[in-house]
Structures are given as structure tokens and as C-alpha cells.
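User: I'd like to learn how to read strand pairing and pockets from a model. Can you walk me through it?

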Amino acid sequence: YVTHDQTEAMTMGDRIVVMKDGFIQQVDTPQNLYDKPCNIFVAGFIGSPQMNFLDVTIQKKGGGYAAMFGDHEIKIPAGKADAGTLDAYVGRTATLGIRPENLHDEEAYFGLDTASVIDADVDLAELMGSEIFLYLTSGETKLVAKVPPRSGAKDGDRIKIAIDCTKIHLFDKETQQVIFN
């Protein structure tokens, strides 16, 4: 069965083949395509709204690693990638991916050890019924967060956003292949 409708494929298929320009990108279960994309194309294609992508610089911080994004530091949790893999990227630009539902504007997330907090301006708060899509700008980067309808964020607000670092993905900037999920 062939479809260009990802929702249809995700709900009907047991195994999905994602293709781009006639080439197979990834063959996997719907959940693995979503949770463990093999490259930036699959990560951006699967999911709605699509995954957020940020250009980051990898730095070694004490015994761990961080992805620097403007003035913000995004912690890379231990166990996300082995040291040898990330050592090769220290000082280099990579692409960090984070899904909209893993960006939180609730204060309860700000103090968690698994969260890094960034500042962002709300360009648009779009009520979708059971959720709100926040269209944000942080520095030069545009982001979309999917937050609960109890969020108090309004158009024009400057807010804090907690990134669930356990859910980040890192991609090689040049090859666009996954470094870790």
C-alpha cells in the first residue's frame, strides 16, 4: 500500500518504508520511526507538528557534554551516546532535534535534572482544543511547543521553556545522519 499521508501510514502500517527522491531512508515500525529516526529527513517528516531542529555546538562540560544554542546550554544526558562518539563532535556544529511535546512551559519542569531551560518569545499561541501550539522564537531559531490548554502563554509573552533532555536527538550537520536518539 502506498500513501503520501503520514497519518494514514502511521495508523494502518505495521512496517513503514520512508522514501525520499526514490531512495529508501528507513524501514521500521511506526513507533520506531517516530522515536528513533535514522536521519533529519525522517525526523522532520514523521510527526505533526514536525520536530524542531536547532544548530548547536557540542562542548565538553566536566565529565559530560552539552549542546550550546545561543546563550543556552542543553545538557546531553549520560548514556545518550558513548564518549568516543561525542568526542569527535566537540567544537563542531551539529543539529539537535526535539519534538514539540517535549518542550514544556510549566514551572514544574524547570527544576528537573533532565531539563534545560531556554528563554523564548511567543509569536503565536494557537488553541487546538486539547492542546496549544506555541510558535516561539529563541534567538534566531523558530520553535513549536505543544503544551496543555491550561498554559497561560499569550502572543507577545517572553516565557521560559524546559527542554526534556532525555528526548533529544542529535544529527551530524553534514551527513544529516543520526548520532543518537
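Predicted model: local features only at pLDDT ≥ 70, side-chain atom pairs only at ≥ 80, totals over all residues.

User: What is the strand order of the open sheet of 5 strands?

Analyst: The general idea is that strands of a sheet pair through backbone hydrogen bonds, either parallel or antiparallel. Here the order is β7-β11-β8-β9-β10, and the pairing is antiparallel. β7 (103-104) and β10 (141-147) are at the edges with a single partner strand each, so one side of each has no neighbour in the sheet.

User: And β6, is that strand mostly covered or mostly open?

Analyst: Mostly covered: in strand β6 (residues 93-98), 5 of its 6 residues are buried. β6 pairs antiparallel with strand β3 (residues 52-61) through 6 bridges, where N52 has I98 as its bridge partner. β6 also pairs antiparallel with strand β12 (residues 169-172), through 4 bridges, and there L96 partners L170.

User: How much space lies in the largest pocket?

Analyst: In general, rolling a probe the size of a water molecule over the atoms shows where empty space is left. In this model the largest pocket holds about 480 Å³. It is lined by 19 residues, and the closest to its centre are Y1, T3, A9, I16 and V17.

User: Which element gives the most to that lining?

Analyst: That's α1, with 5 residues. By class, the lining has 12 nonpolar, 4 polar and 3 charged residues.

Key
Residues numbered from 1 in each chain as written. Heavy atoms only, no water. Pairing = 2+ DSSP bridges. Helix = DSSP H or I, 4+ residues; strand = E, 2+ residues; numbered from the N terminus. 1 Å grid on protein atoms, 1.4 Å probe; cavity = no way out; pocket = protein on both sides within 12 Å on 5 of 7 lines; lining within 4 Å. Points joined across faces, edges and corners; volume = space filled by probe spheres on them. Nonpolar A, V, L, I, M, F, W, Y, C, P; charged D, E, K, R; others polar. Buried < 20%, exposed > 50% of the residue type's maximum accessible area, 1.4 Å probe, protein only.
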